[in-house]
Amino acid sequence: MSVTADLRHDWTVDEIGAIYTAALPDLLFRAQTVHRAHHRSTEVQGCMLLSIKTGGCPEDCAYCPQSAHYTTDVTRSELVSIDDVTAAAVQAKAQGATRFCMGAAWRDVPAKGQAFSQVLDMVRVVRGLDMEACCTLGMLTQEQADALAEAGLTAYNHNLDTSPEFYGSIITTRTYEERLDTLARVRKAGVTVCSGGIIGMGEDRPVRYRMLQTLASLDPHPESVPVNLLVRVAGTPLADAKPEDPFELVRTIATARILMPASTVRLSAGRLQLSDEAQALCFMAGANSVFLGERLLTTPNPGSSHDERLLERLGMRLTVSAPDALVSAHVGR
Ligand code: SAM
Ligand code: DTB
Ligand code: SF4
């Protein structure tokens, strides 16, 4: 069988629901079987995040501590210097990261001023260190997507976050369609697509099915699918959301793995709320990437020494060389 023969874009909600709600041993067995056909079962990619422009965002995403609509502990800062990015990327590489992801609290990339050309320089620095470079900067024009491609950007992160139907109860300042439009521009520019979502925002299971269905309907699939567990931040509207059952995260990851077999499924925000055992289940469900380091963008993360110990206890390891996302998505191992 060709490893791409099982890539489908027409999953129905009923099919997705049946996968998601299967008995956990059966779901994990199916996810593992798919996972092993496309990925090394004992490896996870280490990525490092850096917030290059923090806080003061005009968007009203109900989960986000960086929105100017809410009062949180986040200290605003303007675009960081290229020297700061270089130092952070060098350190990330030393800690075993093979992808460096730069996030900006923008609705869209500023059309005027020097900021965008500085971001392009940051991308060149990261690529010059032989790491994958990812940016998440909000909405892009086609010209901006093309310029990022030209600078060597590996991936662009732009999450759908939730289902089309639930979206309006989380974000009112931009539409789902606008998110999809940016993803189409990224794809057209030849940059790989990183798009996923968040669970634990008060959504029910069918909302997750629809989010996963929308992601899997993209053709090609996003090369990267981050699954975030909501980090509940004081001051945001979702600060008091009910804590999510970790098994729901495991089920979401396993279902993403089955629907999008060749994609890297990233166990992203929220790991501090998970036991080591729950994280192990996420890896068994097909997650094959984590964020390293003590900080995500503005919130804490387990830190490299904890992760080193965890992977060692599991007999797993960080991916040593950055897989070329486009190639690795289609090469059986
Ligand atoms: N401003 C850009 C945008 O929204 O596309 C890029 C940065 S934004 C912080 C990147 C992603 O982080 C969001 O789409 C969301 O999925 C995730 N995120 C933000 N705050 C989070 C939280 N409190 N818990 C979990 N994920 C979160
Ligand atoms: C993604 O899906 N999760 C990361 C990355 N893409 C940019 C961001 C998580 C942010 C968590 C909240 C914070 O630290 O501010
Ligand atoms: Fe702004 Fe992104 Fe946060 Fe939304 S998720 S408020 S767009 S930084």
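A residue is called buried when its relative accessible area is under 20%, exposed over 50% and partly exposed in between (1.4 Å probe, protein chains only). The model is predicted, so local features need pLDDT of at least 70 and side-chain atom pairs count only at pLDDT 80 or more, whereas totals for chains, interfaces and linings use all residues. Residues are numbered from 1 along each chain as its sequence is written, chains are lettered from A and ligands numbered from 1 in the order in which they are written, and side-chain values use heavy atoms, with hydrogens and water left out.

Select residues 115-128 to begin. This is helix H4, with 14 residues; helices (H or I, at least four residues) and strands (E, at least two) are DSSP runs numbered from the N terminus. Within H4, Ala115, Phe116, Val119, Leu120, Met122, Val123 and Val126 are buried. Viewed down the axis of H4, these buried residues fall within an arc of 155° (directions from the helix axis to the C-beta atoms), so they line one face of the helix.

Five of its five residues are buried, so E3 is largely enclosed by the rest of the structure. Glu132, Cys134 and Thr136 point one way from E3, while Ala133 and Cys135 point the other way.

E2 and E3 run parallel and are joined by five bridges; strands pair if DSSP finds at least two bridges between them. Gly103 has Thr136 of E3 as its bridge partner.

Finally, select strand E4, residues 155-157, which pairs with E3 in the parallel sense over two bridges. There, Ala155 is the bridge partner of Cys134.

Conventions:
The expected span of a helix is 1.5 Å times one less than its number of residues.
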